Amino acid sequence: MGKVLLVDDDIELSSMLSEYIAREGFDVDIVHDGEAGVSAALSGAYSIVVLDVMMPSVGGIEALRRIRGQSRIPVLMLTARGDDVDRIVGLELGADDYVPKPCTPRELVARIRAILRRTQDASINVESEGSTLAVGPLVMWPQMRRTHWHGKELGLTSTEYNLLEILARSAGRVVSKGELSEQGLGRPLARFDRSIDVHLSSIRHKLGPRSDGRPWIETVRGLGYQLIRE
């Protein structure tokens with residue numbers, strides 16, 4: 001089902017979460033500091049990293065920055081409840097999603113499953129590069145989860161890929177934030193949740209502007225987002 005790396009300095013909490021995650025069929029390793037967490041995350045031995053923000057020495061945000069400098073491995077952040085700053089910074093740095101602490105083990109496992117679902121499906125159902133989704137200069141290979149933009153590889157996180165694929169399949173049509181959250185994050189859209197906005201801001205930055213200066217992904221106020229078809 002996937003090997004999980006849990007990075008959290010709270011020994012009692014991480015032990016409890018690890019036991020529950022393992023009962024759900026996952027193989028789990030625990031690391032209690034950010035420095036060791038970065039090394040383990042970059043080892044290639046794990047399917048996903050669950051990373052606590054608040055740790056001494058190398059904190060979760062810095063650990064995420066180092067991981068994202070070298071790897072696209074899915075990362076789920078554990079943030080303090082109500083701490084919007086760390087949450088948004090984590091998403092901007094490429095976290096796939098977050099869970100506010102204290103959280104229930106059931107909620108954490110649900111988020112892990114949602115993040116891994118598409119990436120693991122892709123590794124099982126490998127198809128030829130001839131099966132593509134193309135919108136203007138964007139070409140996507142859905143089963144391989146590869147993306148080219150103007151002929152060059154576009155470095156997307158797992159969640160960014162999910163959201164861009166959803167928009168590409170509906171290019172020219174407005175997709176609501178609720179749809180994007182349900183299909184891209186695997187969870188209902190929560191009130192005041194800015195995750196979708198932050199992820200799409202990152203994608204916009206990677207795509208750059210259109211020739212007229214407008215973004216490729218437009219916000220339709222009160223309705224949602226659409227990928228412009230040209």
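**A first walk around helix 8**

Me: Which residue comes after helix 8, and is its phi positive or negative?

Reply: Gly208 follows helix 8, and the phi of Gly208 is positive, near 80°. Please keep in mind that this is a predicted model.

Me: How do you know that the length of helix 8 agrees with what its 13 residues should span?

Reply: Let's set one value against the other. With 1.5 Å multiplied by one less than the number of residues, the 13 residues of helix 8 should span 18 Å.

Me: Why is His199 called buried?

Reply: His199 belongs to helix 8. A residue is buried when its relative accessible area is under 20%, and His199 has 0%, so it counts as buried. Beyond residues up to four places away in sequence, His199 touches Leu91, Ala95, Asp96, Thr159, Glu160, Leu163 and Leu185. Other buried residues of helix 8 include Ile196, Val198, Leu200 and Ile203.

Me: What makes Glu92 exposed rather than buried?

Reply: Glu92 is part of helix 4, which covers residues 84-92. Exposed means over 50%, and Glu92 is at 52% relative accessibility, so it counts as exposed.

Me: How far apart are Glu92 and Ser202 in sequence, and how far apart in space?

Reply: In sequence they are 110 residues apart, but their C-alpha atoms are 6.6 Å apart in space.

Me: Which residues touch the most other members of the largest nonpolar core?

Reply: That core has 25 residues, and Leu164, Leu167, Leu180, Leu200, Ile217 and Leu227 touch the most other members. Among the elements that give two or more residues to it are helix 6 (158-169), helix 7 (177-185) and helix 8 (195-207). Helix 6 gives the largest share, six residues. Leu200 is in contact with Leu163, Leu167, Leu180, Ile217 and Tyr225, leaving aside neighbours within four places in sequence. Another core, of 24 residues, lies apart from the largest one and includes Tyr46, Val53, Val58 and Val75. In soluble globular proteins, nonpolar side chains tend to be buried together.

Me: Why is Phe192 called exposed?

Reply: The cut-off for exposed is over 50%, and Phe192 has a relative accessible area of 73%, so it is exposed. Phe192 sits in the loop between helix 7 and helix 8. Although not a glycine, Phe192 has a positive phi of about 70°.

Me: How do you know that His150 counts as exposed?

Reply: His150 is at 55% relative accessibility, and that value puts it in the exposed class, which starts over 50%. His150 is in the loop between strand 8 (146-149) and strand 9 (152-153). His150 is not a glycine, yet its phi is positive, about 55°.

Me: What kind of peptide bond joins Lys101 and Pro102?

Reply: A cis one, with omega about 0°. Pro102 lies in the loop between strand 5 (97-101) and helix 5 (105-124).

Terms used:
Residues numbered from 1 in each chain as written. Heavy atoms only, no water. Core = buried A, V, L, I, M, F, W, Y, C linked by side-chain atoms within 4.5 Å. Buried < 20%, exposed > 50% of the residue type's maximum accessible area, 1.4 Å probe, protein only. Helix = DSSP H or I, 4+ residues; strand = E, 2+ residues; numbered from the N terminus. Contact = heavy atoms within 4.5 Å.
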